[in-house]
Amino acid sequence: MVKNHLMHGKIIFPQKLKLKKNLKISIIGAGEIAYKYAEVINSFNHTIEAVLTSTNSKKNQLFIKKFNIENHYTDHDKFIQFIYKNKISAIIVCVSWNKSYEIFKK
């Protein structure tokens, strides 16, 4: 059953929640959680502009290919430069707790 949400006292349905413009999103990580987020992002027709991973492994390359991501970074500083240059709307962090501390610290 779909849960209804209230907006200004009116019931709205999730399928009617649409933004006026598509978002430019970046993802940190390429594991199972990143796959789930990427599927949701694509379902709303938003674009994944870039991904930051720790390595350039085959698993990461499959993730990039599957979701048609043009920009892949393994260097944190270059990734940050890309974000500021391209005015990314949101960054989704999909890494383990111990790695997320390192990422937020940078």
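Biologist: How many helices and strands does the protein chain have?

Modeller: Helices (H or I, at least four residues) and strands (E, at least two) are DSSP runs, numbered from the N terminus. In this predicted model, the protein chain has four helices and six strands, and along the sequence they follow the pattern β-β-β-α-β-α-β-α-β-α. Residues are numbered from 1 along each chain as its sequence is written, and side-chain values use heavy atoms, with hydrogens and water left out. Because the model is predicted, local features need pLDDT of at least 70 and side-chain atom pairs count only at pLDDT 80 or more, while totals for chains, interfaces and linings use all residues.

Biologist: In what order do the strands of the open sheet stand?

Modeller: Two strands pair if DSSP finds at least two bridges between them. Here four strands form an open sheet in the order β5-β4-β3-β6, with parallel pairing. The edges are held by β5 (71–73) and β6 (90–93), each of which has a single partner strand, so one side of each is left without a neighbour in the sheet. From one strand to the next, the twist averages 25°; for such angles, axes are lines fitted to C-alpha atoms, for helices over the stretch in contact, and the angles run from 0 to 180 degrees between N-to-C directions.

Biologist: Which strands does β3 pair with, and over how many bridges?

Modeller: Strand β3 (residues 24–28) is joined to β6 by four bridges, the two running parallel, and β3 also pairs with β4 in the parallel sense over five bridges. On the β6 side, I28 has V93 as its bridge partner, whereas S26 stands opposite A50 in β4.

Biologist: Is β3 mostly covered or uncovered?

Modeller: Buried means under 20% relative accessible area, exposed over 50%, and partly exposed in between (1.4 Å probe, protein chains only). By that rule β3 is mostly covered, with four of its five residues buried, while in the protein chain of 106 residues 28% count as buried.
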